[in-house]
Amino acid sequence: MKPTQDWNRIAEKFDLLLPYIAPVGDALIERLHMHPHDRVLDVACGTGEPALTLARRYGDEVDVMAVDQAEGMVRAARAKAEREALRGIAFRTMPAEELAFGDATFDRVVSRFGLMLFQDPARALAEFWRVLKPGGRFALAVWGEPDQMSSLRITVEALEPHLPEGVGTPLLQVTSMGAPGIIEAALEAAGFTGFEVSRHQLDYTFDSFEAYWRLVGDSAILATQLDALGPGLRDTVRNEVAALAAAYHKGGRLVLPHTYLIASGPR
């Protein structure tokens, strides 16, 4: 049973999630150790991050190429760059497993929460290694283990018993690279050495449970699953999620903790 995620549909609402994961993009950029005139590739850029932040921050000093497999994501990202008249940045639609660039093209490769979603993560990492110049650097982020991704876990836990046969959820795929040793083994198999992997906590904070539940519905991340619920079941699931969320109320707010991993190092 596989999750059915329509990333073109999600692209229309994905920016609702960006404020929550913005610190991860900043952490990745820090680990790239940028230099003037670097050529940077952002793989699985979504609606443009961290590529757009790189372009804003470094301007003409860098040359940024951002790619995503979902055309809807690329359209949204390109529109932002055009509105801001950003220079030195371009976007293309392509899968991470088949990067249409020559060997040793880029000084830096970055990817935020993309690797675990690829059809073939091992092949994608081999492509990262191939397009990086010797002495270049990479930085990527993946989510931790399922029990450490509370915002998705509590909703999935309530959803799964009510879903029709054949409709899965994305939790296991989204967290598939989070267990100890998995990302390290994958990087070594792709040819990387001398890298570092660190674990970090990221909290999503909401003024109330209702604010969180609105994000679940509005962001479309679980649109397929919510649409598959039978009559009346959406309210049932909402109440079950609220009960699970009760353990995360702190100081009048809902604080949902997550663990993510950053892997970075040289080529």
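Mentor: What follows sets values against definitions.

Mentor: This is a predicted model, in which local features need pLDDT of at least 70 and side-chain atom pairs count only at pLDDT 80 or more, while totals for chains, interfaces and linings use all residues. Residues are numbered from 1 along each chain as its sequence is written, and side-chain values use heavy atoms, with hydrogens and water left out.

Trainee: Why is Thr-259 called buried?

Mentor: Buried means under 20% relative accessible area, exposed over 50%, and partly exposed in between (1.4 Å probe, protein chains only). Thr-259 has a relative accessible area of 16%, so Thr-259 is buried. Thr-259 lies in strand 8 (residues 253-266); helices (H or I, at least four residues) and strands (E, at least two) are DSSP runs, numbered from the N terminus.

Trainee: What makes the pair of Lys-133 and Asp-107 a salt bridge?

Mentor: A salt bridge is a side-chain nitrogen of Lys or Arg within 4 Å of a carboxyl oxygen of Asp or Glu. For Lys-133 and Asp-107 the N to O value is 3.3 Å, so the pair counts as a salt bridge. The pair links distant parts of the chain, with Lys-133 in strand 5 and Asp-107 in strand 4, 26 residues apart.

Trainee: Are Lys-133 and Asp-107 buried or partly exposed?

Mentor: Lys-133 is partly exposed at 28% relative accessible area, whereas Asp-107 is buried at 14%.

Trainee: Why is the aromatic pair of Phe-138 and Phe-192 called tilted?

Mentor: Rings of Phe, Tyr and Trp (its six-membered ring) pair if their centres lie within 6.5 Å; planes under 30 degrees apart count as stacked, over 60 as edge-to-face and the rest as tilted. Phe-138 and Phe-192 are 4.5 Å centre to centre with 50° between the planes, so the pair is tilted. Phe-138 lies in strand 5 and Phe-192 in the loop between helix 8 and strand 6 (196-206), so the pair ties together parts that are 54 residues apart in sequence.

Trainee: How do you know that the charged end of Arg-267 sits over the ring of Trp-129?

Mentor: A charge sits over a ring if NZ of Lys or CZ of Arg is within 6 Å of the ring centre and within 35 degrees of the ring normal. The charged end of Arg-267 is 3.4 Å from the centre of the Trp-129 ring and is listed as sitting over that ring.
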